[in-house]
Amino acid sequence: MEEDKLSAFMESLGISTDDVWTLFLLIDKDDDGLVDIEQFVAGCMQLRGPAKSLQVAKMSYENRITREQIKRIVDDMDELKADVAKLVEARERKLASVLGPQAVSEAL
């Protein structure tokens, strides 16, 4: 009964109830896994009706920024991986010069 009332209320605001989990993720602004009445009302009011072009443009911009940041992180990780490989190689050469090549290959 309560679920029917909530569904009817959300539908009256123009909010689809098809994906309730996504809705609650969107309106849980402090990410504590709980939605209090203020968050619920504010979130429903913000999400009612069709998306406005400005909102869609904002999401597109934020997605582009996020993709650029992820690409930078991947590039940084690739550089770090190369740096670590160089350090390992330099250490192996140093050990080989001190202990001899055979001792290094046996240790690895």
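**Around helix α3**

Guide: The face of α3 turned away from its buried side carries the exposed residues I37 and E38. This is a predicted model, where local features need pLDDT of at least 70, side-chain atom pairs count only at pLDDT 80 or more, and totals for chains, interfaces and linings use all residues. Residues are numbered from 1 along each chain as its sequence is written, and side-chain values use heavy atoms, leaving out hydrogens and water.

Visitor: What makes a residue buried or exposed?
Guide: Buried means under 20% relative accessible area, exposed over 50%, and partly exposed in between, with a 1.4 Å probe and protein chains only. In α3, residues 37–47, the buried ones are Q39, F40, G43 and C44.

Visitor: How do you know that the buried residues of α3 line one face of the helix?
Guide: Seen down the axis of α3, they fall within an arc of 120°, so they line one face. That arc is taken from the directions from the helix axis to the C-beta atoms.

Visitor: What covers the buried residues of α3?
Guide: The cover includes α1 (2–12) and α2 (20–27). Contact here means heavy atoms within 4.5 Å.

Visitor: Why is α2 called roughly perpendicular to α3?
Guide: Their axes come within 9 Å and cross at roughly 110°. Angles of 65 to 115 degrees count as roughly perpendicular, under 35 as roughly parallel, over 145 as roughly antiparallel and the rest as oblique, so α2 is roughly perpendicular to α3. L23, F24, L26 and I27 of α2 meet Q39, F40, G43, C44 and L47 of α3.

Notes:
Helix = DSSP H or I, 4+ residues; strand = E, 2+ residues; numbered from the N terminus. Axes fitted to C-alpha atoms, helices over the stretch in contact; angles between N-to-C directions.
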